[in-house]
Amino acid sequence: MKKVGNFLYRHIFCYSDVRFALLLYLVGLLAFGYVLIQNYFVIPVSGDFVIQEIPFYYNGYDDWWTFFRTGEFPFWDSNTNLGANNIGSNSFYYLFNVFFLPVLLVPRFLVPQAQAFMILTKFVLAGLVMKKLLNNMFKISEDVSRVVALCYGFSGWAMYYLWFNHFLEIAVLFPLMIYGIEKVIQERKPALLVFSVFLIGITNYFFLISFCFCGVLYSLFRFFQNVKNYTPKEGWSVVGLGILGFAVGLTMCSCIVLPCFRVALNSSRASSSTSYLSSLKDTLEALKENFTSKDFSTFGKNLKAFFKIVMVFDTSNNAKTYMYPAVSFFYPTVSCYDHLLFNNTGYDNTLCSLFLYTPTMLMLLPSLINSIRNKKISHILGFIGLCALLFTPFAYYCFSGFTNVSYGRWQLFVVNCVAIYMAISFEQVKKMPRFYLDISVVFVLAMQILLFVYALKLQNSSGTKEFVADSRILVYVQMGYTLILYLYMRFKLYSPNMLKTLKWATALEVIVMGNILLQFQGTSSYASTYGGFESLKNESKLIEKIKEDQGYYRVFNTSMTRTYNNIEMVEGYNGLGTFHSIYGYDLQDFIDWTHYSYGYKGWSMGDHEKIINFESFLGTKYYLLHDTDKNIPFGLKEIGRENNRVLYENPNYVDLGFTYDTVVNKEAIRYSDSYNGTYSYSYKAYTVKNEYLFTKNAVLKEEDYLSIKDKLTNKDSLNYKNSLYYGSYFEGEVNQVFIPSKRVEVYSAEWNENTHKFVQNNDIGAYTQEKATGLKWNSKLVVDCSPESRNGDEGTRIAPDAKERGGAFITVKQRMGENLEITLYGKDADDKEIVLAKDRHLKHGYNKTYDYKYDRGFYVNDQVYKIEIVVYDTLGKANYLVKPDVTYEYYDTYKARMDEQKKYPFLDVKVNTSNNITFRTSNPFERLAVLSVPYDEGWSLKALINGEYTNIDLYKGNGGFISFLVPEGNVSYSLSYCTPKLSTGALGFAIGSMFLALLYYSLTVVREDKEFIKKATTL
């Protein structure tokens, strides 16, 4: 106990550390206090934080409390997208994050407030860990360590990633890793290194890759700095213990890392054939071949290509990219998205921040001059090495695990190195001549001016927008502050009070920068997020009504938007949207075939279109709609109402999944609809037809079908289609209507430039793409769908038999990215226009250029005579509305398919836990099942056949869902999930823990015994 007490006193509860922690909390509260007070003590940073970080914490909270209540951990998370490997997908964000777990201690409604407190705590702990590292390992004085730790705790890197809440903990854990490395180098004690590697691995495995690379670099640098002080035996023991420290830590965290890497390596960022590593590998192989064949001419060309890959950023914004490190060091962080000097048009992963506040900025050059004067060659080499890493692409790819994205996140390594170097330099400040600072201020101001001037030249080019006026003011303020602080430091350089003043000056700078960052980045009103408190309250009450339903189902919610497509996590139901970087990649074919994501291969996705076949296949049982909704799917039955929210049940719902007697070859599926609407036949309606297909036919790889065919007792049980003719296969069920351009009138809105209000619409003639480009707010397209002949055509008929056939489902070709209101009109008995359906589907302010959704769904009970499409957000100069071609399907056709499915249902479906579903079948003959549960290797299915449990082979059906052969007769099933690689990882944890115990015993207990014996024998 005495040892524990001494450790806590030395490393945690030292009085000076407590005082410093309180100072850091105070600085953090003042930096974010205005936003905290405005937003119920939440920091709702606009962008990914509101979209992802808050909902994710709700989701993790629910998962962990499910574990505490039931004793079974949810390995499968049905709330992440359509369902995903919980450990593999969510460990990147929060699942085992040591800074997330304390949030579990508060009531669920306080999760966002607890999250905000933990954000402040991470800034504080980053400063504290740096202070302890400087005090204990580098023998830095209290005054110096406080200044540098304050700079580091609220570093520009941490501020830049404020909206990526799950990155902030790494600012705490990486200096802890450096602390562990120093313990090995100075004291030959590896326990802290093991512990830090383990913590980084379970907290955020992405940074495990980055900082194991960086940690090894740091270890080598420090080893060679200290090698002259070692005996050969000591040197080898340091090398051995360092390798063991990393190895044991990695082995221990394999329980999380192995399942995660299995998922993450399937990401398009990691698996792309055009990745940086692939290019590097191909070039090296070419060089080897050239050298072997003595083709030195080609060898020279490939060598040049190799150096270009290593040294030159392969982007269209080279000039800007090379400026990023310098700009982010000499100017403060004022956004989580771009930079003070660069108002970027899109998020650039290469950009980061090296800012460590003005005192550090002014001390960098004097420190280098002092190192040169004192012949500290290692310092100079270290500085050159860091610059080489910062200004060449190799580090950006290498330290990100050779993904195909040049991430700048690894720059925290540089921030740590600079912080330590600055602390060492501040300790020697009294030995430095004052003129060092004179040289420094000239250099710093010159750099600030040059960067500013050059950045101005890049405005409106190289992916940047016009310079923001407020940014200019901040540039001048930063220059002025640099000069003022220089003057103070210049004349107080040798004063014992200088460092105390710099501490408060830095605290003030942190506070100012924090407030400016939140203003530039922007924050959402927490009271209005996810539809607002009242909306959340109403919807949550309705969701509670259906939570006793133990079937497998999803909920469609019109409150889900592109900004709130993780609202299902906040309200606690299985929904139809997500914004999640690590989703279940086995679903990729389905996502592509249905255009479920907002952009091609994107990780933000959602169903807003009300596409009946898509929602039916996914098991959408409940619809949560606004009471003003004028576009309600077939036959919904109201089962609850809270103010303006209405909950409906879908009578056509099919529980758990579908069974089929026909299989289509996966290679026959098409999905690349053209968005160009000038020519009628550019619209193939592939996605609409695919979604219809999934409710009627299974889709499998040919080799999987052949495997299943071998198991059939009756070889004729399943039909097989090797190809599909989209033009004829869907004829009579998915009916296409190609609207003649002359039937589409374009109306351009006229504005009063003084009042900025709509005046009237001017008819500018029949549709052309040119006329439909750049339309202003309130402009519209009007489609004449009357069956009468016009200008020589035969008329247009949309769902002419809808009334007789129970209604019709209609899709209008119009990109979801545009903010449009679409109204379908019919006629009453007196031949007057009436509204049949009306919907905006989605309203958002996102870039429309890469929108991937081309169809919007409507439900009508009569023939459509007119379609009106109104623009509610002025289009970009190059953006246009396509000619609105149409598909329709009658309700009786759809219902017949659902009734056919209900002849062969899954019976007694019960979701027992997140990891287990039981059900049974009773079929007169074999059929192929495709469940609405996403496929993953972790699923296993057991069937009780003739009194014995049998393992059933699973396949990936319909682009990403569990598929298997259903035998005839009465069969009971148990579908269970266990995370792949978890058992291997658990074994790794056990082995690593055993090695850690052995290391502790041999290096602590045995070493102390030897020292005791040595002392005793000496006496």
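A residue is called exposed when its relative accessible area is over 50%, buried when that area is under 20%, and partly exposed in between. The model described here is a predicted one.

**Two loop residues with positive phi**

Most residues other than glycine have a negative phi. N460 is not a glycine, yet its phi is positive, at about 60°. N460 lies in the loop that runs between α21 (435-457) and α22 (469-491). Because its relative accessibility is 58%, N460 counts as exposed. Y40, also a residue other than glycine, has a positive phi near 55°. Its place is the loop between α2 (15-38) and α3 (48-70). With a relative accessibility of 45%, Y40 counts as partly exposed.

| Residue | Phi | Relative accessibility |
|---|---|---|
| N460 | about 60° | 58%, exposed |
| Y40 | near 55° | 45%, partly exposed |

**A sheet of four strands**

An open sheet is built from four strands in the order β13-β22-β17-β20, with antiparallel pairing. The edges are taken by β13 (735-737) and β20 (855-860); each has a single partner strand, so one side of each is left without a neighbour in the sheet. On average, neighbouring strands of this sheet are turned by 25° against each other, direction ignored. Three bridges join β13 to strand β22 (residues 886-890) in the antiparallel sense, and V737 has V886 as its bridge partner in β22. Helix α31 (residues 891-902) packs on the sheet and touches β17 (808-813) and β22. The direction of α31 makes about 60° with that of β22.

**A sheet of five strands**

Another open sheet contains five strands in the order β23-β24-β30-β26-β27, and its pairing is antiparallel. Here β23 (907-913) and β27 (948-952) stand at the edges; since each has a single partner strand, one side of each lacks a neighbour in the sheet. Neighbouring strands of this sheet are turned by 25° against each other on average, direction ignored. Strand β26 (residues 939-945) pairs with strand β30 (residues 969-977) in the antiparallel sense over six bridges. The bridge partner of A943 in β30 is Y973.

**A nonpolar surface patch**

Which residues form a nonpolar patch on the surface? They are L987, I991, M994, F995 and L998, which together have about 470 Å² of accessible area. F995 is found in helix α32 (residues 982-1018). Its relative accessible area is 38%, so F995 is partly exposed.

Terms used: Residues numbered from 1 in each chain as written. Predicted model: local features only at pLDDT ≥ 70, side-chain atom pairs only at ≥ 80, totals over all residues. Heavy atoms only, no water. Patch = residues over 30% accessible without salt bridge, like charges linked within 9 Å, V, L, I, M, F, W, Y side chains within 5 Å. Areas by Shrake-Rupley, 256 points an atom, 1.4 Å probe, with all protein chains shown as cover. Salt bridge = Lys/Arg side-chain N within 4 Å of Asp/Glu carboxyl O. Buried < 20%, exposed > 50% of the residue type's maximum accessible area, 1.4 Å probe, protein only. Pairing = 2+ DSSP bridges. Axes fitted to C-alpha atoms, helices over the stretch in contact; angles between N-to-C directions. Contact = heavy atoms within 4.5 Å.
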